[in-house]
Amino acid sequence: MWQQIIALIVILFFLTRLFSQKNKKNISQAEFALWLVFWALAAVAIIFLKQIDAFLYELGFSGGGINFLLYLAVMILFFLIFRLRLKYQQLNQKLTEVVRKITLETANKEDRQK
Amino acid sequence: MTKIFCIIPAYNEEKNIYQTVKKAQKYLENIVVVNDGSKDQTAIKAKEAGAKVLTHPINRGQGAALQTGNDYALKRQADIVVHFDGDGQFLGSEIFDLINPIQEEGYEAVFGSRFLEKKSAIPKFKTYIIYPLARTINRIFLNVKTTDPQNGFRALSKTALQKIRIDNDGMAHCSEILYKTKKAGLKFKEVPVTVIYNHFGQKLSSGIKILKDLFVNKLNQ
């Protein structure tokens, strides 16, 4: 019971951060919606932990609902890191293209002035 | 007349770049140094030596610098481009060993190799651990069979330059160029070259970074 309350407080904390970022316009509407749904689902899962336990038992899993949620969280984290890495790589390539464009334009100007 | 450009990527190479440019100048007219955001006097020294200097405002890596050089050369109707390291580890006298097969034998890409007839004083750790590993990875994942998996001394014809675009900004460009050469069906060969080791060069950690870059870049395509 206490663990659930603590987990819900943590989620509440992250939600306040999320709304604060939204108010400061640091994140897009889509990004805000994604994280809002994510934290809302996490809160629902925590509240209905016993029901999840029972459901998993029905499916034949011996572990508790909290274990399942942890596995799920780790998987989601890995996926998000993976997506971030791809995005980071794409941004890097775009940065290189900009740098290259500036470099070549400067060189062209120099060559024309000769 | 065949227009040949020598592209030299350089990052903080103020100690070596003057001599490197002079080495290449003995054999080729168009020397282009791509100063990759150096924080030292690299650009000044390269200009003093008589090279055309292109400057990246920030450091983007050797692969990125080479592609900038390739773009510059292509725009100036280059027929052949030679890639030559800025740290003075290659011999200018071997430049034509790479160019001749393109001019006389119809090859599109010629790669230098430290593991053919000529002997370089390669550190043992690289000879027995790093390069065999890199060779195996190139063979398994990229289907490229070359004796030297990571050699920056190469010559590319105009056709090769048009077909190969270097997407890996860092050191993974060596494997990428080999892979794209094979994929584009370009006629290529390796020729023996000598490499002078002023320092150890790429470490095992660099090798792991190359692997990671190749993998992430592949996923992005």
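Predicted model: local features only at pLDDT ≥ 70, side-chain atom pairs only at ≥ 80, totals over all residues.

Student: How many helices and strands does chain B have?

Tutor: Chain B has 221 residues, and buried residues make up 49% of them. Its elements are eight helices and seven strands.

Student: Which element of chain B gives the largest share of the side that touches chain A?

Tutor: The contact takes 13 residues from chain A and 17 residues from chain B. Strand 3 (52-56), helix 3 (62-75) and helix 8 (204-220) of chain B each give two or more residues to the side that touches chain A. The largest share, five residues, comes from helix 3 of chain B.

Student: Within what arc do the buried residues of helix 4 of chain B fall?

Tutor: Helix 4 spans residues 95-105 of chain B, and Ile95(B), Leu98(B), Ile99(B), Pro101(B) and Ile102(B) are buried there. They line one face of the helix, because seen down the axis of helix 4 of chain B they fall within an arc of 155°.

Student: Which residues on the other side of helix 4 of chain B are exposed?

Tutor: The buried residues of helix 4 pack against several elements of chain B, among them strand 1, helix 1 and strand 5 (109-113). Just after helix 4, Gly106(B) takes a positive phi of about 80°. On the other side of helix 4 of chain B, the exposed residues are Glu104(B) and Glu105(B).

Student: Is Asn12(B) buried or partly exposed?

Tutor: Asn12(B) sits in the loop between strand 1 (4-10) and helix 1 (17-25) of chain B. Its phi is positive, near 50°. Buried needs 20 or more other C-beta atoms within 10 Å. Asn12(B) has 18 other C-beta atoms within 10 Å, so Asn12(B) is partly exposed.

Student: What is phi of Gln77(B) near?

Tutor: Gln77(B) lies in the loop between helix 3 and strand 4 (80-83) of chain B. Gln77(B) is exposed because it has 9 other C-beta atoms within 10 Å. Most residues other than glycine have a negative phi. Phi of Gln77(B) is positive, near 55°.

Student: What distance separates the centres of domain 1 and domain 2 of chain A?

Tutor: The domain assignment of chain A gives domain 1 (1-47) and domain 2 (63-114). Taken over C-alpha atoms, their centres are separated by 25 Å.

Terms used: Residues numbered from 1 in each chain as written. Chains lettered and ligands numbered in written order. Contact = placed C-beta atoms within 7 Å. Helix = DSSP H or I, 4+ residues; strand = E, 2+ residues; numbered from the N terminus. Buried ≥ 20, exposed ≤ 12 C-beta atoms within 10 Å, placed from the backbone. Domains from an automatic or database assignment. Arc of directions from axis to C-beta.
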